[in-house]
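Please look over the sequence and the model first.

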Amino acid sequence: VRLVEIGGGTVQAGDSLRLSCVAYELTFKYYAMGWFRQAPGKEREFVAAIDWADASTSYSDSVKGRFTISRDNDKNTADLEMTNLKPEDTAVYYCAAHKAVDTIAQSRFWGQGTQVTVSS
């Protein structure tokens with residue numbers, strides 16, 4: 001299994017950015033997908049997740065209303081649309097795949113991460 005994140009970069013506060021996670025050698029449609037992030041000096045934190053069964057979504061309070069997670073089972077991708085970005089969104093963003101969305105933080109399948117930097 002391989003997860004590859006695409007789409008990081010440097011933007012200004014208020015800008016938007018879209019991240020994609022491409023899954024290889026994974027029965028994608030049966031896996032929940034999640035996005036996490038880790039800022040310098042901080043622990044990795046949950047950002048958003050989308051279930052495989054009904055595509056239900058969940059978000060951290062810090063991104064709710066600004067970020068949207070989606071999935072395309074035909075393309076084996078899970079995207080994170082980020083709007084109204086803030087400097088505190090600066091972090092390395094990771095995607096994860098897990099059978100159960102409730103325990104996605106325990107996934108053993110992680111991408112290598114992509115840097116998102118938001119300047120003020």
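Two strands pair if DSSP finds at least two bridges between them. Helices (H or I, at least four residues) and strands (E, at least two) are DSSP runs, numbered from the N terminus. The model is predicted: local features need pLDDT of at least 70, side-chain atom pairs count only at pLDDT 80 or more, and totals for chains, interfaces and linings use all residues. Residues are numbered from 1 along each chain as its sequence is written, and side-chain values use heavy atoms, with hydrogens and water left out.

**Strand 9 and its partners**
- Strand 4 (residues 32-38) runs antiparallel to strand 9, joined by 7 bridges, and A32 has H98 of strand 9 as its bridge partner.
- Strand 11 (residues 114-119) is also antiparallel to strand 9, over 3 bridges; there, A91 is partnered by V116.
- Strand 10 (residues 109-110) is antiparallel to strand 9 through 2 bridges, where A96 has W110 as its bridge partner.

**T90**
- T90 sits in the loop between strand 8 (77-82) and strand 9.
- A polar atom of the T90 side chain lies 2.9 Å from the backbone oxygen of P87.
- A polar atom of that T90 side chain is also 2.9 Å from the backbone nitrogen of V118.
- Beyond its neighbours within four places in sequence, T90 is in contact (heavy atoms within 4.5 Å) with A39, Q115, V116, T117 and V118.

Key:
Polar contact = N/O pair within 3.5 Å; in protein donor to acceptor, adjacent residues only side chain to side chain.
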